[in-house]
Amino acid sequence: PRMREAIVSVLSQVFAVPVASIDDKFGPQTCKKWDSLKHLQLVLALEDRFACTIDPADIPRLVTPGEIETVLGAMGVAA
């Protein structure tokens, strides 16, 4: 749960939306502000928040809170 809360917090900051508006379906399909630049800002914010380096091959997968959690979890990142 702490990991998900931290991810939602980062998404909220990057996309300037309330935490309460971010659900499991939140992503490029549901957020009008989500474009390639915002996606890059999200990657940088995640790397900063979790003190990690995300493999470029994983970047396209970072499109929902669940996928972000899966990718970070596979990297051994902890909240």
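This note sets out, point by point, the helices, salt bridges, surface patch and backbone features of a predicted model.

1. Basis of the model. The model is predicted: local features need pLDDT of at least 70, side-chain atom pairs count only at pLDDT 80 or more, and totals for chains, interfaces and linings use all residues. Residues are numbered from 1 along each chain as its sequence is written, and side-chain values use heavy atoms, with hydrogens and water left out.

2. Helix 1. Helices are DSSP runs (H or I, at least four residues) numbered from the N terminus. The 14 residues of helix 1 should span 20 Å at 1.5 Å a residue, and the end C-alpha atoms are 20 Å apart, which agrees; the expected span is 1.5 Å times one less than the number of residues. Several residues of helix 1 are buried, including Met3, Ile7, Leu11 and Phe15. Here buried means under 20% relative accessible area, exposed over 50%, and partly exposed in between (1.4 Å probe, protein chains only). The buried residues of helix 1 pack against helix 2 and helix 3, where contact means heavy atoms within 4.5 Å.

3. The whole structure holds 4 salt bridges, each defined as a side-chain nitrogen of Lys or Arg within 4 Å of a carboxyl oxygen of Asp or Glu. One of them joins the side chains of Arg4 and Glu69 at 2.9 Å, N to O. This pair links distant parts of the chain, with Arg4 in helix 1 (residues 2-15) and Glu69 in helix 3 (residues 65-74), 65 residues apart. Arg4 is partly exposed at 25% relative accessible area, and Glu69 is partly exposed at 25% relative accessibility. Arg4, Asp24 and Glu69 are linked in a network of salt bridges.

4. Salt bridges of Arg61. The side chain of Arg61 meets that of Asp58 in a salt bridge of 3.4 Å, N to O. Arg61 also forms a salt bridge with Glu67, at 3.2 Å, N to O. Asp58 is buried, with a relative accessible area of 19%, whereas Arg61 is partly exposed at 35% and Glu67 is partly exposed at 29%.

5. Nonpolar surface patch. Leu37, Leu40 and Leu44 form a nonpolar patch on the surface, with about 290 Å² of accessible area together. Accessible areas come from the Shrake-Rupley method with a 1.4 Å probe, and for residues only the protein chains shown count as cover. Patches are made of residues with over 30% relative accessible area and no salt bridge; like charges are joined within 9 Å, and nonpolar side chains (Val, Leu, Ile, Met, Phe, Trp, Tyr) within 5 Å. Leu40 lies in helix 2 (residues 36-50) and is partly exposed, with a relative accessible area of 46%.

6. Cysteines. The structure holds 0 disulfides, a disulfide being a pair of cysteine sulfur atoms within 2.5 Å. Cys31 is buried at 7% relative accessibility, and Cys52 is buried with a relative accessible area of 14%.

7. Positive phi values. Most residues other than glycine have a negative phi. Just after helix 1, Ala16 takes a positive phi of about 55 degrees. Ala16 lies in the loop between helix 1 and helix 2 and is exposed, with a relative accessible area of 57%. Ala51 likewise has a positive phi, near 50 degrees. Ala51 is placed in the loop between helix 2 and helix 3, and is exposed at 73% relative accessible area.

Definitions and conventions:
Helices (H or I, at least four residues) and strands (E, at least two) are DSSP runs, numbered from the N terminus.
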